[in-house]
Amino acid sequence: MKRIGRMTVMVLAVSLLLSILAACGSSGTKQVEDTPGPVTINFWTISLSPTFDDYVNARIKKFEDANPDITIKWTDLPYGSMENKLLSSIAGNQSPDVVNLNTAMALKLADKNALVDLNKEATEEQLSIYFESLLHSARIGDSIYAFPWYYGLGVLSLNKEIYEAAGLDPNQPPSTWEEMKEHAVIIKEKTGKYGFVPIYNPPIDLFLRGVPIINEDKTQIIVNTPEALEWAKWNKDLYDSGVVPKESITADAGYATDKYQGGQIASFITGSQFLNRIKNNAKEVYDKTVVAPIPTVSKDGKVHGGLMNVVVPTMSKHHEEAILFAHFITNDESQLEFAKVVNILPSTKEAAKDPFFTEGDSNEPEDVARRITATQTDKAIDFTLGVNKEGEILEFLWKYWKEMLLGRMTPEEMLKKAEADMQAKLDEILAEG
Amino acid sequence: MAKATITNLRKKRLIFSYAMLTPGIIVLLVFTFYPIVYGLPLAFTNYSVIEDTKWVGMANFNRMYADPDFWLALQNSLLYVICVPVIQILAILMAVLVNNKLRGVHFFRVAYFIPVVTSMVAAAIAWKWVYEEKGVLNYILQALGVIKEPVSWMALPGIALFAAMGVTVWKGLGYYMMIYLAGLQSVPVELQEAARIDGASRWRVIWSITIPLLQPFILVCTIMSVMGAVRVFDEIFVMFGPKGDPAGATLVTGVYTYKLAFIDFNFGYAATVGLIVSLMIMIFTILSFRFNRRGGMSYYE
């Protein structure tokens, strides 16, 4: 009996060993490239499943019906794990073919020649359907590395109940940051709640206020300007005064959304596409929400739109089919349909002209938000430096901004130090070539 | 004849033992040793997965030497070791408490162990809420009158790292308690009884009998928790993000390595930092084994 037991274990051990060896062996074999006939395109998206399963699957089906030789395999990944997953697949020679990335991620990969240059491989006609300003967000030199997909513009959401409890009129929303502050002071005094949670994004905030950040030639950093100093001082005072939570130093959109949904803050700025999140998570707060345009920032009315793109990695084995699908999922028809499912704005010219975006007079927050943001599409920009390793350069500004809020340096020192260190980093990157 | 049977038996036993060890060794080879060996030379390259990899010699080490963020991270990681004695002392006390033959003691053992089996990510998110300005901790402290104004535990650079340590301690206690409990149950009861008969107080018994006999366990637990503290990652990453907010106050080497590799795509430099940190842990471990050898791994000798 015992003997049999041992034998079984031995056999199991050996077979386990063999299977591991086999697994190691098979992963080393390369697949035959460019086989004619059926092609499978791996399509990766960021945080669309399960909410938009119906929409994405319907689009995929339509594409497959029109192109019977191509099968689309859709994988959805959370925002935070996209870069990691993509890198390891590229390293493992298992690159997906069509990938949804935001502009910063797309540029980071483009820096490293990991993305197909669409100016070379896509047709003129394919490229012509997008707004030029958005198409150019993922441009380095003469190369364009992404088809722009959808984006959202910010709107200001007010919690009517808190506003009224503070004796303020929610139909008179703050239209400048100074008014945001004034309201926040009153709200804090009357209700004990915070008026808003600032979500700092120093590079974009400064850029919209007319700080160039980088010169035209991409050789010189310019952040130490009077506009920048004014904004920095204003924020430092606001933070010190206790009108906004001290935690705002580490707050991200998720934090502010939680607080707003919990009815703990009176207002917050969010992408119009995220309003449905509040609707799903906290219906009673959504019902009390009044939507207004965001407080003005720049003199020319420029607004920041966080853009989602679709790219084709160089490592994909089917560039042509991949570009075909990448273009399909971002074309007028696809985007218009998407916009009808969720509050996003299309990056294509024809889709944006659709009366759907401007019509209607309902007071439903999502509809109001759509009408507000639809008027701003021509002013939407997505900020990028347009140089290699942009994240490492901008990091100094982020870091010193926080140190300034914590009182470790004055606004003047912060800008001076940020400019110097960012310049040094830029010089280093330019020297590397 | 008899001798032959013995050697035969021994041979069989040997073969069997190796057969049992093989699968484990293979898994270790493939998933642990191979990546370690493969990772070593990366420290001398500019590996970024996508771009061409070049041998850069000691450039990464020079960069590290001049990198203020690395020193900050190292300093924070070493500071993190403060939570080791706290965990160990509390864990021993808890083990002594649950080593009683009280009714319902099993419940406490399970309860203390639950944090260990909880996912760190879920726990860290929950702790984030506890530490919020309007979180439970401030509520309790205000109710008790300890503080007048709510404290932003996570936003103050002087406190944030200690807030993270709180989570580490909470999560680790049960694990070490279990080891000490096993240790306590191997302590001969006669010794304790003899001490009691000789008129020693309860505390005296714990201090003079139990703790000295637990020494080998204390050594192992201390080393493990020092390694754990220097390598801390999950709680910081979940609570404070990849940059160790606020303003680098919670930047530790584990998180810094992650940031270098997966945010800056600087795998070469990340490998350098990782290499140096593991060397430091290795040296510490060897030294502590050396110093403690005379303490005796076995108290029966």
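Leaving aside neighbours within four places in sequence, A95(B) is in contact with M177(B), Y180(B), L181(B) and L184(B), contact being defined as C-beta atoms, placed from the backbone, within 7 Å. The model is predicted, so that local features need pLDDT of at least 70 and side-chain atom pairs count only at pLDDT 80 or more, whereas totals for chains, interfaces and linings use all residues. Residues are numbered from 1 along each chain as its sequence is written, while chains are lettered from A and ligands numbered from 1 in the order in which they are written.

A95(B) is among the residues with the most contacts inside the largest nonpolar core, which has 122 residues; F196(A), V223(A), A91(B), M177(B) and Y180(B) are also listed. Such a core is a set of buried Ala, Val, Leu, Ile, Met, Phe, Trp, Tyr and Cys residues joined through C-beta atoms within 7 Å, and a residue is buried if 20 or more other C-beta atoms lie within 10 Å of its own. Helix 8 of chain B (residues 157–186) contributes the largest share, 13 residues; helices are DSSP runs (H or I) of at least four residues, and strands (E) of at least two, numbered from the N terminus. Another core, of 53 residues, lies apart and includes A106(A), I129(A), A322(A) and I329(A).

Between the chains, 27 residues of chain A are in contact with 27 residues of chain B. Of the chain A side, the largest share, 7 residues, comes from helix 1 of chain A.

Chain A contains 20 helices and 12 strands. Of its 433 residues, 42% count as buried.

Key
A residue is buried if 20 or more other C-beta atoms lie within 10 Å of its own, exposed if 12 or fewer, and partly exposed in between; C-beta atoms are placed from the backbone. Two residues are in contact if their C-beta atoms, placed from the backbone, lie within 7 Å.
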